[in-house]
Amino acid sequence: LFWCTRHIGYLVESVMILEFGLTVRRHVSQYKILLLHLYSHWNSLPLAYEWYKSLDVKNILLETVSHHILPQMLASPLWPDSTDILRDYLRFMDDHFRESADLTFLAYRHRSYSKVIEFVQFKERLQQSSQYLMAKIEIPILQLKQKANNIEEGEGILESLKQGVQFLELTDEIGTKSLTFNEELQLRPWWTPTYDKNYLLEPFEGVAYCTGQTLDDQIKQSQAKVVKTIEKRSLLPRLVFLSIQCASSSVKGNVEANGSVFDPKLSSELRLLLERYANILGFSFQDAVGMAFDISSGLKDAEAWSCNLIDWMNFVVFLNAWNLYSHEVDRDSNKHGSTWLLVNLILKKYILDKVRSMGALESSPGCDLPHLVLLVTEPLAWHIMVIQCCARSLLPSGKRKKKGGPSEQCNIELCQEVQDSIRCVCETIELVRDWLNQQMSKSDNDKSESILSSLKRDGELGPGKVYRVIETLTSSSTIDRGLGDVITRALQSWSPADISRKIITSQRTALSNFLRICDSKIKSVKELKAQL
């Protein structure tokens with residue numbers, strides 16, 4: 001009914017019914033899974049995560065069940081919780097691989113050869129798990145996002161990752177073996193049969209979604225997307241490393257204090273990886289560059305990027321970094337820094353579009369907050385790292401010395417481009433911060449009342465019928481004392497007002513985390529501005 005009518009009251013009623021069910025029967029996992037997906041859709045991810053933790057997912061269930069929460073967490077500002085999920089999962093997998101070797105040896109000693117085969121096959125299946133590969137890639141990306149405000153700390157993370165080379169090697173493995181998909185998708189709610197599909201975000205098209213053939217096709221399409229996503233994500237650490245190398249070498253006449261110079265092969269490698277990245281998105285390198293400029297100038301519809309928005313933003317940021325050294329992008333009569341203008345315009349446009357399209361979280365389930373978080377914490381964060389590298393190269397430092405005869409004009413122009421980018425980035429994040437502050441300035445009581453009022457409708461039409469039945473059943477005057485003390489106490493403890501307050505508190509927690517991220521970025525960018 002919510003999908004069909006877009007009336008938030010039906011969503012509220014669904015949540016209330018599930019919460020009521022869990023008040024009486026606290027350990028029904030089906031209720032919890034439905035509820036955590038509804039809360040995720042309603043941008044109440046901290047609350048969804050609490051219900052996920054109550055499932056007490058351990059051991060092999062980490063491989064088959066964590067798909068209910070992990071994709072949402074990776075697109076959220078809840079970085080410590082996301083890190084915990086990834087580390088717990090990777091710890092289990094690594095422990096299992098060690099124990100599997102011991103079990104295989106023990107089975108062999110006891111001549112239980114069928115068990116030997118079973119252990120080996122199971123280990124291979126887990127080693128080829130798409131989720132395992134994704135987790136190994138995502139945890140260093142998460143670390144990089146957390147350190148992106150400080151270029152030295154970011155470089156330290158990249159150094160520990162062998163400058164991203166090891167993840168390129170992981171990607172190469174995809175072509176030599178078939179990935180396994182071990183998630184128990186049948187446990188997912190009907191409206192989100194795969195992690196990348198959510199019918200509630202789409203126009204209502206009837207109930208033909210549940211046909212077996214349609215679901216099989218969706219699962220195959222989703223698995224194909226996962227393979228592409230792994231390839232794209234595995235390129236990110238190396239792309240970031242090469243981008244900051246090119247940016248650091250964009251200042252004419254500077255060399256490292258130890259006398260080393262920038263290796264042009266790194267620029268060539270970045271060009272090849274950009275071409276590979278564009279190919280994954282379905283374009284040649286030249287066509288991707290042309291589309292970026294056409295969209296920034298309004299010649300093409302911005303909706304062309306809607307399906308892979310974050311990936312396209314990343315591409316534009318890395319394109320600018322590559323062009324800082326190569327100067328091969330000739331779009332505006334050889335105007336120096338045209339890619340600076342490109343990346344500033346496009347990032348600001350899409351981020352502001354997201355901000356303006358979102359209403360109040362409590363009344364806007366399914367709003368684009370996850371995309372906004374990703375825009376700020378990934379492409380914008382990589383852009384800030386590039387800016388920091390350029391600024392560091394422009395500033396006098398004991399780490400650098402003049403090589404003699406530098407092109408002062410180029411450096412002056414670069415300095416101006418860096419200052420313009422700093423101003424643009426600062427304005428963009430401040431607008432996001434203003435929206436967050438506006439959301440958080442509203443009274444929690446008013447928000448809670450707004451949620452509950454969606455159920456208080458007069459007449460026969462609209463949501464609230466089941467809710468009112470439950471409300472009557474749980475009123476102290478009508479509770480059947482013959483139900484027993486445990487159920488009676490559970491019925492008395494069910495409080496719609498408490499549930500609505502939990503939703504508001506959860507949303508506020510997510511917004512607060514995002515606000516801290518924005519504040520830290522503004523602070524680092526302003527410090528950089530003061531230095532220049």
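**A tour around helix α14**

Select helix α14 and helix α15 (residues 309–326): their axes come within 11 Å and cross at roughly 100°. That makes α14 roughly perpendicular to α15, because angles of 65 to 115 degrees count as roughly perpendicular, under 35 as roughly parallel, over 145 as roughly antiparallel and the rest as oblique. Axes are lines fitted to C-alpha atoms, for helices over the stretch in contact, with angles from 0 to 180 degrees between N-to-C directions. Helices are DSSP runs (H or I, at least four residues), numbered from the N terminus.

This is a predicted model: local features need pLDDT of at least 70, side-chain atom pairs count only at pLDDT 80 or more, and totals for chains, interfaces and linings use all residues. Residues are numbered from 1 along each chain as its sequence is written, and side-chain values use heavy atoms, leaving out hydrogens and water.

Now show side chains. On α14, pick Phe 285, Ala 288, Val 289, Met 291 and Ala 292. They meet Trp 312, Phe 315, Val 316, Leu 319 and Trp 322 of α15. Contact means heavy atoms within 4.5 Å.

The axes of α14 (residues 285–296) and α16 come within 10 Å and cross at roughly 60°. α14 is therefore oblique to α16. Select Ala 292, Phe 293, Ile 295 and Ser 296 of α14, which make the contact with Ser 338, Thr 339, Leu 342, Ile 346 and Tyr 350 of α16.

Finally, colour by pLDDT, the predictor's confidence in each residue, from 0 to 100. The protein chain averages 88. Residues 332–337 stay under 50, as do residues 398–406. Where pLDDT is low, the predicted coordinates should not be read in detail.

Key:
Helix = DSSP H or I, 4+ residues; strand = E, 2+ residues; numbered from the N terminus.
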